[in-house]
Amino acid sequence: MERRRFLQVAGAAGVGVAAGCSPVSGERLLPYVNESDQLTPGIPEYYASTCRECPAGCGIVVKTREARAIKVEGNPQHPVGRGHLCARGQAALQGLYDPDRVRQPYRRTARGLEPVAWDEAIQAIGMSLGVAATSGPDRVALVTGAETGPLDAFYDEWLAAFRSRRRLRYEAFAYEPLREASQLTFGVAAVPEYDFAAAQYVLSFGADFLETWLSPVEYTRQFAEAHGWRDRRMTKFVAVEPRRGLTGYSADEWIAPKPGTEGLLALGIAASVLRHGKAELSGAEADRVHGFLSRFTSRAVADAAGVAESVIERVAREFAAARPSLAVTGGVAGQHRAATQTAAAVNLLNYVAGNVGRTVRYHGTSPWDRVSRYRDAVAWVAAMRAGSIDVAIVQGPNPAFTLPKSAGFADAFKKVGLKVALASHLDETAELCDYVLPDLTPLEQWGAVEPAAGVRSYVQPAMTPVFDDARQAADVLLAIAAKAGKPVGRGATGARDLVAAGQAPAALDHALQRGGTFAAAPARPVRLAPDFARLPYQAPAFDGDAGAPVLVVYPSAALYDGRGANKGWLQELPDGATRIAWQTWIEVHPQTAARLGVADGDVVAVTSPHGKVEALVYVYPGVRPDVVAMPIGQGHTAYGRNARGRGANPLELLGADATDASGALAFCSTRVTLAKTGRSVRLATTEGSPRQLGRGIARAVSTAGALAGRVEPGPEAAVTDAERAALAAAAASQRARAEIGVYAQPHPKWEMTIDLSRCTGCQACVTACYAENNIPVVGEEQVARHRGMAWLRLERYFEGDTSGSDFQVRQIPMLCQQCEAAPCEPVCPVYAAYHTPDGLNGQIYNRCVGTRYCANNCPYKVRYFNWWDYGRDGDPYFAFAEPLNWQLNPDVTVRTKGVMEKCTFCVQRIRFAQNDAKVRKRELADGDVTPACAQTCPADAIVFGDAHDPASRVSRLKGDARGYHVFDLLNTRPGITYLERVIADGEA
Amino acid sequence: MSAPAGVVGVFGRLDAAVEAVGSLKARGYANYRVYSPVPRPELADALAKKESPVRVFTLAGALCGTAFGFFYAIATSLDWPLITGGKPIISWPPFVVIGFETTILIGSLVTVGAMFLLAGLPKLGRAPGYDPRFSDDKFGVVAFGGPAQLAEARDLFRAAGAEEVKDV
Amino acid sequence: MTRTTSLIAGGVLLGLTAALAGVSLVRGQGAGTRAPADTAFSALPRSAGAGYSSLDGVRPGGDWPALPGRLKGPVQPIFYRHDIHAGQYRIPCLYCHNNAANSWTVNLPSESTCMGCHLVTSAPDTAGNPNADIAKLRDDFTKGVPIPWVRINKIPEYSHFPHMRHVAAGLACQTCHGNIQQMPRVFPVRNVSSMGWCTNCHMERGVTRDCTACHF
Amino acid sequence: MATLATPVAAAPVHADAPPTYAETTRDVIATLQPPGRKYFAGMALVLAGLAFGAFCWGYQLRYGLGVTGYQPPIFWGSYITTFVFWVGIAHSGTLISAILLLFRSGWRTAVYRAAEMMTVFAVMTAGLFPILHLGRAWYAYWVFPYPNFRGVWSNFRSPLVWDVFAISTYLTVSATFLTMGLIPDVAAVRDQARGWRKKLYGMLSFGWKGSDREWHHFGRMYLYLAGFATPLVLSVHSVVSWDFAMAIVPGWHATIFAPYFVAGAIFSGCGMVITILVPLRKAFRLERYIRVSHFESLAKVCLLTASIVAYAYATEFFMAWYSGNPFERASFYSRAFGQYWWATWIMLTCNAFIPQLLWFKKVRTSVPTLFVISIFINIGMWFERFVIIVTGLSHEYEPWQWSYYVPRWPELGILVGSFCWFSMWFLLAIKFLPSVAIAEMKEALPPPLKGEAHR
């Protein structure tokens with residue numbers, strides 16, 4: 001307790017604002033009564049754990065200061081993620097410190113939710129459970145998220161103690177089609193493990209494997225390995241999907257078939273491969289496959305899918321030529337009524353091309369095997385409606401939000417006698433419950449999960465619970481069972497015991513330090529099942545009138561299934577494709593928009609046979625003219641200040657009974673009509689112009705060009721060599737007259753390279769920067785006025801003709817270039833902006849008077865001004881409401897109103913490392929300092945180091961032939977070298 | 001009333017005043033003063049003063065300003081060298097602007113000061129023989145000296161066409 | 001015209017001396033924040049070696065230094081006398097404030113640290129009753145209540161001061177915090193948050209004056 | 001005699017006959033009569049506007065610059081626009097009083113006092129804006145290189161520091177110039193006043209008596225001061241223009257800026273002088289002193305500078321095209337046809353086209369017409385700065401960061417406040433100080449000589 005209070009005082013250092021030194025008068029310092037031997041104020045402590053923001057289960061390391069978690073980073077030793085993390089993982093902290101968390105137990109009375117004592121609640125719940133158990137079997141339901149490992153087993157045991165098997169491992173995205181299709185084609189009801197790194201050619205039928213699909217961080221890492229330009233070669237990536245999303249941006253080619261026909265395309269390609277004798281099949285198997293595929297001629301498929309026959313043939317040739325290749329499906333293609341067929345077709349394609357066992361491997365188990373299917377959730381709802389469930393306990397998921405309205409969850413749920421939510425937030429489901437018991441967030445919990453075969457990854461608390469009165473669900477369940485006289489958990493007194501059960505303490509400690517136990521699991525050979533072609537293969541049906549566009553509903557890369565909607569960092573993170581934040585938009589093709597007479601920001605009523613919502617039009621060339629697309633995640637009616645009443649939930653447009661063969665909900669199953677409402681609002685977008693107008697900001701070159709050593713010319717091409725020489729000479733003489741005093745001493749020169757052929761635009765770096773540098777969240781209206789504070793932004797430019805599908809998307813992370821001849825520096829009247837001896841573009845917040853001249857003069861526009869007092873409690877835009885301020889990095893000043901701020905290559909990390917090295921009397925080594933963005937980058941596209949050290953990675957990379965500086969002709973001599981993207985051209 | 005210190009002639013006409021001054025000079029009067037509402041070249045010619053030394057102060061002040069401007073800019077830049085935009089610590093072009101402005105500032109202030117010094121301003125006490133009309137539309141010539149000189153001056157003034165002659 | 005030229009020359013000289021005076025004045029002001037060189041504690045080892053933070057060389061016993069008439073500094077919840085502990089008994093600063101050697105920020109000692117000695121010693125009066133403040137300490141410790149010390153020194157949030165590096169450089173704590181070992185009750189000898197204080201020291205020792213060394 | 005002269009009942013019979021010394025004194029001093037109801041009404045209005053401006057600034061100080069319309073990357077907007085506008089206004093005053101003095105052009109005497117007052121008050125107004133546009137105005141003093149404990153100075157490489165020196169120098173020198181010119185006139189007023197006024201003006205006149213010795217040194221001093229003011233006035237607006245020209249923003253980074261801005265400044269200044277003199281002349285019945293010929297001369301200056309400005313516009317567009325620099329071209333294309341076309345065309349109409357009417361003598365000699373044109377000039381010159389600053393910033397190197405800015409109410413409130421602040425000082429000045437130079441007026445008149453009949 002007193003520890004907490006001490007921490008708050010210590011924490012004050014982080015919360016302070018830069019305006020003047022506050023008088024010390026009256027400030028009290030509370031030391032420990034007994035000091036902890038492992039905690040040194042001012043020095044961070046790290047705890048290995050597992051990310052639980054989505055079921056992928058990446059390994060994380062939590063950085064704590066004064067026993068407060070202040071940063072989450074990837075665990076380099078962990079097989080999932082390998083030390084990298086996505087934006088959602090970075091934002092786990094905002095779930096931990098969310099001021100809207102449930103802080104104490106509540107009971108619903110006539111007057112609404114009222115505080116109740118833990119014992120009382122446990123007593124009451126235990127009693128009703130006992131009654132339910134005696135009154136019959138399966139009258140108790142326990143709903144959790146995708147759980148694996150000891151806690152999962154415990155939940156089942158607990159449920160069994162109350163004579164029930166009604167266990168729901170509910171996930172909005174459960175990948176049923178993949179499991180079903182594997183069962184169908186190979187007799188294994190499992191999600192295979194994909195190896196993008198080994199693939200020489202990637203063909204994705206709608207799978208958004210760089211955003212949410214299965215294990216995005218790990219796949220991004222692998223994909224970057226293969227797709228990045230290394231050793232003069234790269235893997236070609238072709239995206240086949242009616243809507244081009246962030247993943248599609250990395251594609252070298254975009255094929256936009258009619259929605260639902262991806263499976264037919266896959267079969268057509270497989271048939272073509274077979275026809276050209278490139279198939280790795282033999283004997284009877286070959287004949288069976290041949291017999292089945294024969295009717296999927298390229299022509300027939302081309303007509304059905306609306307894709308040119310030649311394209312199918314070419315892709316087939318390329319796919320077969322590259323060994324091993326990889327075809328995946330999911331996302332849009334995995335969410336319509338023919339999803340299972342599509343998955344089966346893709347399995348077949350992989351099998352035909354001989355990828356199964358090489359880039360597609362089956363293990364005994366996968367974390368998805370036991371996740372409940374949508375079909376099970378529907379059955380559960382039906383049971384509730386039928387009144388055959390007396391007690392329902394929901395721990396984690398939010399079915400009231402993620403189930404389609406037409407599923408009638410709310411009404412059915414009301415029929416349950418006792419509804420208990422073990423929740424950290426008062427979300428839509430918890431709002432319906434009779435008891436809401438505060439759960440801990442993953443960063444405060446004990447647990448163990450199995451994210452991949454052979455991997456047991458531990459979850460351990462990085463700090464004492466933020467709210468004293470919150471308890472981990474498993475502990476509560478144990479207590480309830482004990483009260484109900486049903487001893488479970490083999491004498492375990494808490495979650496830790498459950499996790500530690502049956503392990504030697506030493507081994508456990510070792511595992512906890514590393515983050516888990518990681519064993520290689522042998523892959524299992526599979527053969528094609530005899531009746532692989534059971535299902536009918538044709539384009540799926542869509543509800544609604546035929547003329548209307550098909551609605552594609554896709555998971556938001558930031559908000560996932562909506563669970564991220566109350567985290568400011570994720571709300572403010574511009575969408576990967578549209579770059580819109582905070583709002584719900586509907587993507588409309590320019591032609592369609594012209595036909596409907598709608599423009600950006602128009603509010604339209606989107607109507608389907610099942611419902612109606614309102615959304616903002618975003619005119620977007622990345623969708624087919626006969627398709628409109630909306631993201632899931634917004635439209636909450638509860639949950640918290642950032643989520644409630646914001647945007648719309650497209651799930652309300654879906655038919656609950658629209659399922660595919662695997663019993664998965666078809667997210668892409670209905671056509672919608674758009675009607676103007678006459679209203680229009682400003683889009684909260686960071687986008688100024690979608691075209692770079694040949695200014696050579698984000699550059700790319702074809703593989704042929706790269707092999708020939710060509711580069712895309714920028715405006716600086718006009719500068720002659722003579723001029724360059726003159727400039728260099730002038731620079732040299734100036735430097736000679738500039739570098740006196742401290743500058744004359746030897747210093748490192750911090751520089752960065754960003755490889756655009758690895759960068760996928762996932763924006764994990766952006767959120768990492770928010771976390772590391774105390775960047776305030778400013779809200780929708782301010783973002784709409786271009787006042788977002790992200791020091792690092794992803795710019796997205798379209799290249800080529802966007803009327804069809806044949807255009808490129810260029811992306812570039814834009815942050816302070818730390819120019820050697822920085823235009824921003826000399827204009828500052830007070831030296832707040834100046835050049836440090838180690839080559840940084842220093843920004844001294846407490847010296848800044850706010851002339852904003854530097855920002856005017858920055859050609860890269862990477863300086864951000866504090867328009868409001870984001871750091872002062874009580875101000876209209878206060879961004880760090882208690883306890884969010886606990887997350888503030890004490891090493892970074894919280895900027896006050898009226899000062900300019902910007903990226904300084906995480907100078908606090910540089911100085912920390914330098915001081916550490918000095919005290920330990922050693923030299924800094926390459927890699928000792930890593931800015932937050934480079935640390936988290938799943939694609940490892942960002943490299944940072946000392947350019948004066950010829951051996952450093954950055955020195956070697958900046959010499960690459962693909963290297964260029966943005967706006968080189970301005971002679972700013974940036975410290976960031978971009979390596980231009982290489983785009984694989986046809987017939988690799 | 002004690003013996004008069006001087007005699008003042010009030011002139012409504014410029015040429016009359018000029019004539020009076022001329023004859024005073026001709027008589028070798030040294031101690032006299034002329035008041036006028038406007039500076040007239042005729043009067044200046046009649047008085048034939050030598051060039052005002054204000055200009056010397058002006059030049060000195062200007063040079064001090066230049067020196068100060070450059071010195072201050074350079075000294076402060078060297079006191080804590082901070083590189084901005086890769087430019088030299090002592091960047092001449094911008095310092096010229098500073099030097100120029102200080103030249104003008106100090107130069108003009110010194111000039112004004114010099115004027116006050118040389119013209120004996122601010123004048124607190126009364127000026128003998130001064131008449132408020134001299135700031136309106138009359139010219140005044142005041143002669144000082146012994147009784148004999150004063151008597152002569154009276155005659156001169158009347159002869160020149162003084163509208164009024166009185167002792168002070 | 002010699003008068004003119006001499007006037008000009010005089011004027012120029014005047015200007016230059018004025019400018020010189022200006023800058024020297026600045027330097028003077030900068031120096032104004034320097035503390036009187038503290039020799040009083042030069043007896044202490046100037047390095048942060050092990051001996052420095054151990055209790056070797058602690059010399060208990062003897063009469064306590066007398067209290068001056070009026071004490072400077074804020075009243076603390078417990079009348080902890082640095083002049084006795086650090087002065088008379090020569091307990092090294094780092095024995096209690098050990099984090100100064102390995103962290104940016106410095107810790108106040110936990111009560112358990114105090115109890116390390118005061119479990120035994122209680123400075124009893126003639127009647128044998130323990131000293132009132134020590135009794136309070138023991139009481140708080142058993143109750144598990146932290147002592148709400150009044151803060152004396154604070155560096156503004158926008159500047160970061162690596163204590164460990166200054167200790168490693170062999171700087172005596174007294175340089176900034178004054179002769180604590182002579183203070184019955186601690187008071188700030190100077191505003192440690194005055195930047196001139198830092199920069200002058202850095203200038204004299206020829207170490208970096210780069211802004212981002214402290215401000216980020 | 002020693003009382004305040006009674007105001008002239010009506011214009012004399014022969015209005016165009018040159019007034020005598022005595023008439024000059026009385027007519028000018030008549031302007032210092034206790035003001036009437038209209039004056040106080042006007043003053044009340046002005047103070048109300050000033051109060052609103054002050055409120056807006058207070059509001060901005062409390063909540064931050066977020067209350068303005070600033071929308072990155074447009075970090076400068078109406079404040080800097082208005083700053084440059086007022087600095088520009090300030091210039092014609094010094095031009096008329098100093099440069100025309102050196103050129104010995106007689107027509108200045110009637111108008112220069114008012115113009116100089118305008119200069120000083122305009123600089124006082126302009127000087128506010130660099131401060132109130134700051135994010136942390138309470139630290140504005142940091143831009144001055146004053147000795148401090150921290151040992152940090154200000155960055156002399158920054159055009160903003162040049163501004164600090166240029167503007168403060170300009171304020172000091174022009175104020176000094178005005179005060180010096182006032183000394184003999186204030187002395188004249190003193191000699192016509194009684195009571196506390198006599199004391200007040202006695203102090204203000206430094207005991208000036210108009211003796212031969214005083215006139216002797218005064219004349220020299222005044223000449224040298226004019227000599228200083230002339231290069232100063234040219235330098236100040238050049239420095240202001242370098243705030244932009246020294247930056248790399250497309251549309252700012254141009255060598256033509258210094259002369260272009262100076263011409264624009266004199267243009268706007270003369271416009272403002274006309275705007276002010278017309279009502280002043282009417283209210284104080286100074287037709288005999290401020291004659292139509294004076295207005296015509298002002299109009300000619302306007303015509304000349306307008307033409308220079310128009311030429312500068314043309315050159316800018318030509319150079320943007322001729323340079324072949326893609327950024328420049330894009331910037332100027334958007335200036336003319338982009339989001340801000342309206343501002344650009346207001347500017348061109350008011351500054352380049354409308355002043356061409358001044359080629360006609362009829363227009364030049366019609367005071368009402370000149371008044372209307374001068375209003376257009378003021379509007380046009382405010383928009384010129386708006387166009388340069390805002391369109392330049394809205395359309396820079398990074399297409400991803402293009403954006404659109406319109407001022408919000410606090411900015412407009414402060415703009416209004418600045419006009420009221422200026423008017424307040426001017427209203428006070430014309431009631432306490434002679435707004436036509438008495439002594440110099442007399443200098444321009446034929447002196448009384450023997451043989452002339454008493455008038």
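Arg922(A) counts as partly exposed, because its relative accessibility is 39%; buried means under 20% relative accessible area, exposed over 50%, and partly exposed in between (1.4 Å probe, protein chains only). Arg922(A) also forms a salt bridge with Asp916(A). The closest N and O atoms of Arg922(A) and Asp916(A) are 3.9 Å apart. A salt bridge is a side-chain nitrogen of Lys or Arg within 4 Å of a carboxyl oxygen of Asp or Glu.

The model is predicted, so local features need pLDDT of at least 70 and side-chain atom pairs count only at pLDDT 80 or more, while totals for chains, interfaces and linings use all residues. Residues are numbered from 1 along each chain as its sequence is written, chains are lettered from A and ligands numbered from 1 in the order in which they are written, and side-chain values use heavy atoms, with hydrogens and water left out.

Side chains of opposite charge can pair when their charged atoms come close. Over all chains, the structure holds 94 salt bridges. In one of them, the side chains of Glu285(A) and Arg527(A) meet at 2.7 Å, N to O. This pair links distant parts of the chain, 242 residues apart. Glu285(A) is in helix H10 (residues 283-293) of chain A. Arg527(A) is in the loop between strand E20 (516-518) and strand E21 (550-555) of chain A. Helices (H or I, at least four residues) and strands (E, at least two) are DSSP runs, numbered from the N terminus. Glu285(A) is buried, with a relative accessible area of 10%. Arg527(A), at 56% relative accessibility, counts as exposed.

The closest N and O atoms of Arg793(A) and Glu398(D) are 3.3 Å apart. Arg793(A) is buried, with a relative accessible area of 7%. Glu398(D) is buried too, at 1%. Elsewhere, salt bridges link Asp152(A), Asp156(A), Arg167(A), Arg169(A) and Arg370(A) in a network.

A pair of aromatic rings is described by the distance of the centres and the angle of the planes. Rings of Phe, Tyr and Trp (its six-membered ring) pair if their centres lie within 6.5 Å; planes under 30 degrees apart count as stacked, over 60 as edge-to-face and the rest as tilted. The whole structure holds 104 aromatic pairs over all chains. Tyr79(D) and Phe129(D) form a tilted pair, because their ring centres are 6.4 Å apart and their planes stand at 50°. This pair links distant parts of the chain, 50 residues apart. Tyr79(D) is in helix H3 (residues 78-102) of chain D and Phe129(D) in helix H5 (residues 128-132) of chain D. Both Tyr79(D) and Phe129(D) are buried.

Tyr333(D) and Phe337(D) also form a tilted aromatic pair, 5.2 Å centre to centre, with 50° between the planes. They are separated by about one helical turn, because they are four residues apart in helix H11 (residues 326-337) of chain D. Both Tyr333(D) and Phe337(D) are exposed.

Gln887(A) lies in the loop between strand E33 (863-865) and strand E34 (900-902) of chain A. At 5% relative accessibility, Gln887(A) counts as buried. Gln887(A) and Gln935(A) are 48 residues apart in sequence and 19 Å apart in space, C-alpha to C-alpha.
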